[in-house]
Amino acid sequence: MHPAFSVVFFTTATGAGYGLLALLGVLGGLGFVEPDFWLGLVGMGLALGLIAAGLLSSAGHLGRPERAWRAFSQWRSSWLSREGVASVATFIPAGLFGIGWVFLGRSGGWVAVAGLLAAVGAVATVCTTGMIYASLKPIAQWHSRFTLPGYLIFSAMTGGVLFNALLQGFGGGSRAVLAFALVLTLLGWGWKLATWRHNDELEIPTTANTATGLAGGTVRSLEWPHTEENYLLKEMGFRIARKHAAKLRRITQALAFALPALLLAGAFVLTWPAAAVLSVIAALLQLAGMLVERWLFFAEAKHTVTLYYGR
């Protein structure tokens with residue numbers, strides 16, 4: 001039993017992709033970043049590629065992927081369905097923006113409108129993804145004030161670091177974008193530390209006694225309530241040793257936050273191409289670190305159904 005890599009990859013890839021798409025849509029559409037064919041092609045290709053790869057990996061996590069289309073019909077009550085609708089809808093303005101900014105070399109006007117709509121769609125999709133987990137009351141580690149802002153911060157952070165790497169790589173580095181990426185990396189680090197501290201101090205009042213409504217002793221399970229693994233136990237009943245969790249937290253801090261921050265700070269004092277090299281390495285390290293962070297996000301979550309298994 002362990003967190004499914006497809007979901008870990010999905011949340012990491014789409015978060016970075018939507019963050020990058022939002023920045024391209026706003027800054028490119030409004031003319032803060034001048035149209036450049038190769039920069040635009042690589043940037044939009046990377047953003048949409050990460051989003052598409054993440055969505056495809058999430059479909060592979062379904063037991064019956066061919067029925068994924070049915071999820072779109074439940075948008076009135078399901079955050080998962082709203083996420084699907086928002087993700088597909090975002091491709092429309094993103095495609096129009098890409099045509100105008102990349103292939104026509106234009107900004108402003110309808111290109112700016114398309115870019116802004118793509119950015120709004122990106123933010124909305126990340127919000128729906130965060131709400132999928134924040135709305136789950138049986139999982140105390142997710143049902144908190146830290147989950148949704150965390151999704152938005154990490155999306156902006158990874159997207160900003162990728163955007164800076166792109167600009168630096170094409171020789172058009174901006175100190176403002178570099179500072180933006182650095183500040184968001186430090187903000188993400190602080191938010192993650194605060195989230196871990198909150199989760200470690202959680203006092204969950206529910207016990208096997210309160211869950212079953214029985215009193216007068218300590219309730220314990222003699223045997224499992226079913227003969228084979230179920231979804232909740234497989235996905236949300238993972239046990240991770242305290243020493244392993246501490247080690248993975250240190251790896252997350254190093255790869256996702258500390259090293260990228262140091263590399264971005266170094267890019268401030270160096271000129272191109274050294275600044276570009278540091279920026280690209282920072283982006284790669286951060287994505288690797290966020291994969292570890294997302295794995296921990298799922299591994300450390302505990303569904304109250306595990307009370308029925310003596311946990």
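Buried residues account for 45% of the 311 residues in the protein chain, where buried means under 20% relative accessible area, exposed means over 50%, and partly exposed covers what lies in between (1.4 Å probe, protein chains only). This is a predicted model, so local features need pLDDT of at least 70 and side-chain atom pairs count only at pLDDT 80 or more, while totals for chains, interfaces and linings use all residues. Residues are numbered from 1 along each chain as its sequence is written, and side-chain values use heavy atoms, with hydrogens and water left out.

On to the fold. The protein chain has 10 helices and 0 strands, with helices (H or I, at least four residues) and strands (E, at least two) taken as DSSP runs numbered from the N terminus. Along the sequence that reads α-α-α-α-α-α-α-α-α-α. Of the contacts in the protein chain between residues at least 6 apart in sequence, 79% join residues at least 24 apart; contact here means heavy atoms within 4.5 Å.

Now for the inside. The largest nonpolar core has 53 residues, and Leu21, Tyr133 and Phe163 touch the most other members. A nonpolar core, by the way, is a set of buried Ala, Val, Leu, Ile, Met, Phe, Trp, Tyr and Cys residues joined through side-chain atoms within 4.5 Å. At least two residues of this core come from each of helix H1 (5-29), helix H2 (37-60), helix H3 (79-103), H4, H5, H6, H9 and H10. H1 gives the largest share, 10 residues. Take Leu21: leaving aside neighbours within four places in sequence, Leu21 is in contact with Met44, Ala47, Ile51, Thr90, Ala94, Ala118 and Ala122. There's also a second, separate core of 7 residues, with Met157, Leu184, Phe257 and Met290 among them.

H1 and H5 pack at an angle of about 65°, their axes 7 Å apart; axes are lines fitted to C-alpha atoms, for helices over the stretch in contact, and angles run from 0 to 180 degrees between N-to-C directions. The crossing of H1 past H5 is right-handed, the label used if the near helix is turned clockwise from the far one by less than a right angle, with anticlockwise giving left-handed. On the H1 side, the residues making the contact include Gly15, Ala16, Gly19 and Leu23, and on the H5 side they include Tyr151, Gly159, Gly160 and Phe163.

Next, the rings. The whole structure holds 14 aromatic pairs. Rings of Phe, Tyr and Trp (its six-membered ring) pair if their centres lie within 6.5 Å, and planes under 30 degrees apart count as stacked, over 60 as edge-to-face and the rest as tilted. Trp142 and Phe297 are stacked because their ring centres are 5.2 Å apart and their planes sit at 10°. That pair links distant parts of the chain, with Trp142 in the loop between helix H4 (109-134) and helix H5 (147-169) and Phe297 in helix H10, 155 residues apart. Trp142 is buried at a relative accessible area of 2%, and Phe297 is buried too, at 11%.

Another stacked pair is Trp189 with Phe257, at 6.4 Å centre to centre and 10° between the planes. Trp189 lies in helix H6 (residues 175-200) and Phe257 in helix H9 (residues 242-269), so this pair ties together parts 68 residues apart in sequence.

Back at Trp142 and Phe297, ring pairs link both of them with Tyr133, Tyr151 and Phe298 into a cluster. Tyr151 also has Arg294 over its face, 4.7 Å from the ring centre. Elsewhere, Arg82 lies over the face of Trp79, at 4.5 Å from the ring centre. A charge sits over a ring if NZ of Lys or CZ of Arg is within 6 Å of the ring centre and within 35 degrees of the ring normal.

One last stop, around H10. Pro273 is in the loop between H9 and H10, and a cis peptide bond joins Trp272 and Pro273, with omega about 10°. Most peptide bonds are trans. Ser279 sits in helix H10 (residues 274-299) and counts as buried because its relative accessibility is 0%. Not counting residues up to four places away in sequence, Ser279 touches Asn164, Ala165, Gln168 and Ala267.
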